[in-house]
Amino acid sequence: MAIRLGDEAPNFTADTTDGPIDFHQWLGDSWGILFSHPADFTPVCTTELGGFAKRKAEFDQRNTKLIAVSVDPVESHDRWKGDIADVSGSALNFPIIGDEGRTVAGLYDMIHPNASDTTTVRSVFIIGPDKKVKLTLTYPASTGRNVDEILRVLDSLQLSAAYPVATPLDWRPGEDVIVGAKLTDAEATERFPKGFTTVKPYLRYTPQPNQ
Ligand code: BEZ
């Protein structure tokens, strides 16, 4: 059964490169990003794991933990770490789950048999501190993910969790945001002291409220 936005992120226990975890306990009060890759010692995956490791500080700043998963065992992930560091210049600094029993892959529907019936696709799940799924993305094995886009959507999710706002097409942090549709103009005036601009009655922009 596919996981939908707003569902509770399934909990599991697993072995990882940082030792055994209970997923919900490991998340604690943080946001979390669980992402799968098809296989260790493959080119796109090596660039991805290294790319996320290199930019982990940007996820830390957003109170967000990273955790990767594939159906390879922890022993394979451990051997692969050296290549990730060689290629990216950054040591692996977050856990990778060894999911050879496919427990996590099954819970999160990460194996798409018409793509590959033996390996996980490139799934991304962003999970909030309430353990609810806030975003899902699925890429094929041939396309590496984009860290900038994942940080951008994380910023949007965290902003709309804190304020009654949405973010428009191609929004980048610092740009104006959209006043939540449920707010009346009077409520928007009270909520957003910097004011707002009405383009259509249903499209009102206000400066990013936490800047
Ligand atoms: C890769 O990471 O390059 C890859 C992994 C599995 C299938 C195809 C490509």
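Biologist: Starting at the ligand: how far is its oxygen atom from an N or O atom in the side chain of Arg122?
Modeller: The distance is 3.1 Å, from an oxygen atom of the ligand to an N or O atom in the Arg122 side chain.
Biologist: Which part of Val44 lies 2.8 Å from a ligand oxygen, backbone or side chain?
Modeller: A backbone N or O atom of Val44 sits at that distance from an oxygen atom of the ligand. For Thr42, the atom is a polar one in the side chain, 3.0 Å from a ligand oxygen.
Biologist: And how much of the ligand does the protein cover?
Modeller: On its own the ligand has 260 Å² of accessible area, and the protein covers 70% of that. Areas come from the Shrake-Rupley method with a 1.4 Å probe; for residues, only the protein chains shown count as cover.
Biologist: Before I get carried away, what are the ground rules here?
Modeller: This is a predicted model, so local features need pLDDT of at least 70 and side-chain atom pairs count only at pLDDT 80 or more, while totals for chains, interfaces and linings use all residues. Residues are numbered from 1 along each chain as its sequence is written, and side-chain values use heavy atoms, with hydrogens and water left out.
Biologist: Thanks. Which residues surround the ligand?
Modeller: Pro38, Thr42, Pro43, Val44, Cys45, Arg122 and Ala141 do; to be near the ligand, a residue needs a heavy atom within 4 Å of it. By class, that shell has five nonpolar, one polar and one charged residues. Nonpolar here covers Ala, Val, Leu, Ile, Met, Phe, Trp, Tyr, Cys and Pro; charged covers Asp, Glu, Lys and Arg; the others, Gly among them, are polar.
Biologist: Which helix gives the most to the shell?
Modeller: Helix 2, residues 43-54, with three residues. Helices (H or I, at least four residues) and strands (E, at least two) are DSSP runs, numbered from the N terminus.
Biologist: Let's move to Ser36. Where does Ser36 lie, and is it buried or exposed?
Modeller: Ser36 is part of strand 3, which runs over residues 31-36. Ser36 counts as buried because its relative accessibility is 0%; buried means under 20%, exposed over 50%, and partly exposed in between, with a 1.4 Å probe and protein chains only.
Biologist: What lies 2.6 Å from a polar atom of its side chain?
Modeller: The backbone oxygen of Val121 does. A polar atom of the Ser36 side chain is also 2.9 Å from the backbone nitrogen of Ser123.
Biologist: Nice link. Now Arg152: why does Arg152 count as buried?
Modeller: Arg152 counts as buried because its relative accessible area is 17%. Arg152 belongs to helix 6, residues 147-162. Beyond its neighbours within four places in sequence, Arg152 touches Pro168, Asp170, Trp171 and Arg172, where contact means heavy atoms within 4.5 Å.
Biologist: What about the backbone of Asp170, what is its phi?
Modeller: Phi of Asp170 is positive, about 60°, although the residue is not a glycine. Asp170 is in the loop between strand 8 (165-166) and strand 9 (177-179), and counts as exposed because its relative accessibility is 57%.
Biologist: Which other non-glycine residue has a positive phi, near 55°?
Modeller: Asp109 does. Asp109 sits in the loop between helix 5 (103-107) and strand 6, and is partly exposed because its relative accessibility is 32%.
Biologist: Let's zoom out. How are the domains assigned, and how far apart are their C-alpha centres?
Modeller: Domain 1 is 13-145 and domain 2 is 163-206, with bounds from an automatic or database domain assignment. Their C-alpha centres lie 35 Å apart.

Technical notes: Polar contact = N/O pair within 3.5 Å; in protein donor to acceptor, adjacent residues only side chain to side chain.
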